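Welcome! Please take a look at the sequence and the model below.

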Amino acid sequence: LTWYHWAYERKRQRLPLSELSSCRTVGVMMLATGIGDAIVMSGLISALRQAGREVHCICSPKSAGILAGMIENDGVHIIPERPKRSDVLKLGLKLDVVLFCGDPDKNIFRDIRVLTAIEHRFAVGFNQPDLRFFDLSIKRDEVGCHWMERLRDAAAHLGVTIDDYRYDLHFSQECQQTVDRWVQAQAPQGLVLFNPVASDKFRTLSPEFIRSTLDYLTAHSTKRLVVFNVTDTSLQQAYPQVIFSPFAQLERCLALVGRCDLLISVDTSFVHAARFFNVPLIGIYNNRLSFNRYDNNVQWGPGYAQAVQVFSLDHDHTETGDDLRKLPFAVLETALDKCAALK
């Protein structure tokens, strides 16, 4: 941080927190967050807007697509992954509240750099030890809690009660019609989706595991099988009856989740989409620690009755989690044997 940030903070007017609940414009900072994070955040965005708030999303390019295309809001403001102060200033944002929902981590200086370039009345964060830049730091221990409980708490501090937290996605008519026609033509007997690849190598399944899963599914189910994000041509040639990545567009891939009889996924983007549609799910988790502290299996778990979780076996208790490339297929096989959706 530079001298400007400290000078800015010294001159910024502090207002009584009692005025928080009357604020109308809210900026949600979503820096370096993924698609799954955005799906979970959609419940907060929707609840605030239904309560009459105007909600702006300040995000990096990674999550801009889903925020602009599938989550209704009042503005998507994109900044680079490594933003300069000038990148934020040129947006000309003037907001009542800037809300940052993550715990402070190695990116705290980036977050403050962005925060101080936005004209705002209140800055609200979580577990922030330094209150020079935050008017309110909500103290929460997320051990044993889903992330939506934190978002529900944030809404309460803004004067909005969320009794039933629901994700809120919207799909274009063109997308829905395209997916419906594809399902009618390609999978009239039913549909199973399998996503064995995540955004990092530790949550991606091995080629051997993928083969074993495809062998099991093709032998035990008559439903059409679709596999996402697998580019191995030898696998594609070995399973000509399997459809690999039928859509390139994210919107269509997520919409297809709503038409399946079962989803198997290591990636929480698909997991949270499955919760939105309330479809049967087997989610594969690797015991990672979010913020090097919180149990990711719980904090970013599916959290609904139709979902089953299976877990890696190493329990390394690290921020990267166990390496799913070492996971034996027997862990998933046990869950598949009990899965009524395959029958």
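## About the model

This is a predicted model, in which local features need pLDDT of at least 70 and side-chain atom pairs count only at pLDDT 80 or more, while totals for chains, interfaces and linings use all residues. Residues are numbered from 1 along each chain as its sequence is written, and side-chain values use heavy atoms, with hydrogens and water left out.

## Salt bridges in this structure

The structure contains 18 salt bridges. The term stands for a side-chain nitrogen of Lys or Arg within 4 Å of a carboxyl oxygen of Asp or Glu.

Arginine 293 pairs with aspartate 141, with 3.5 Å between the closest N and O atoms. Helices (H or I, at least four residues) and strands (E, at least two) are DSSP runs, numbered from the N terminus.

Arginine 293 is partly exposed at 44% relative accessible area, and aspartate 141 is partly exposed at 43%. Here buried means under 20% relative accessible area, exposed over 50%, and partly exposed in between (1.4 Å probe, protein chains only).

## Two further pairs

Within helix H6, glutamate 149 and arginine 152 lie 3 residues apart, about one turn of the helix. Their side chains form a salt bridge at 3.1 Å, N to O.

Arginine 325 and aspartate 323 form a salt bridge at 2.8 Å, N to O. Aspartate 323 is buried at 15%, whereas arginine 325 is partly exposed at 39%.
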